[in-house]
Amino acid sequence: MSKYDLHILRHAPSILNESGVIQGQHSDPGLSKKGKMQLLHDLKKGLLAKSNIEHLISSDCPRAETTAKIIAKTLQLKSTVEPLTREVNSGILAGRNKAW
């Protein structure tokens, strides 16, 4: 029997994260500039280099897909988009400020 390790990563900070808005499945303007820079900085520090990752799977949300593409390019890995890994629907809270 083969042994596989599963690593679950959260996407890098998004534009809505920084503005305090609850994200949903369909409210996704993507990663913030700061989020992309933070991800690249973490990768340069070798954050995932020793993780023995062979393949990346991300949801089809732009923030997750962009995060996976940046990691895949940096670590020279294959990346696959799988809509079934999309986060749960946050209903009427999506797009609202967290202070609401």
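Figure 1. Helices (H or I, at least four residues) and strands (E, at least two) are DSSP runs, numbered from the N terminus. This is a predicted model: local features need pLDDT of at least 70, side-chain atom pairs count only at pLDDT 80 or more, and totals for chains, interfaces and linings use all residues. Residues are numbered from 1 along each chain as its sequence is written, and side-chain values use heavy atoms, with hydrogens and water left out. Starting at the N terminus, the order of elements is α-α-β-α-β. The C-alpha trace spans about 45 × 30 × 15 Å along its principal axes. Of the 100 residues, 31% count as buried (under 20% relative accessible area; exposed means over 50%, partly exposed in between, with a 1.4 Å probe and protein chains only).

**Figure 2. Here's a look at helix H2, residues 33–44.** Its 12 residues reach 17 Å from first C-alpha to last, close to the 16 Å expected at 1.5 Å a residue (the expected span is 1.5 Å times one less than the number of residues). Gly35, Leu39, Asp42 and Leu43 are buried. They cover an arc of only 100° around the axis, which puts them on the same side of H2 (the arc is that of the directions from the helix axis to the C-beta atoms). Over on the other side, Lys33, Lys34, Met37 and Lys44 are exposed. Just past the end of H2, glycine 46 has a positive phi of about 85°.

**Figure 3. This one shows where H2 meets H3.** The two axes come within 11 Å and cross at roughly 30° (axes are lines fitted to C-alpha atoms, for helices over the stretch in contact, and angles run from 0 to 180 degrees between N-to-C directions). H2 and H3 are therefore roughly parallel to each other, a label for angles under 35 degrees. H2 brings Lys36, Leu39, Leu40 and Leu43 to the contact, while H3 brings Thr66, Thr67, Ile70, Ile71 and Thr74 (contact means heavy atoms within 4.5 Å). The buried residues of H2 also pack against helix H1 (15–19).

**Figure 4. Finally, zoom in on helix H3, residues 62–75.** At 1.5 Å a residue, its 14 residues should span 20 Å, and the end C-alpha atoms are 20 Å apart, which agrees. Buried here are Arg63, Ala64, Thr67, Ala68, Ile70, Ile71 and Ala72. The buried residues of H3 pack against H2, strand S1 (55–58) and strand S2 (78–81). After H3 comes glutamine 76, with a positive phi near 55°.

Note on methods: Parallel < 35°, antiparallel > 145°, perpendicular 65-115°, else oblique.
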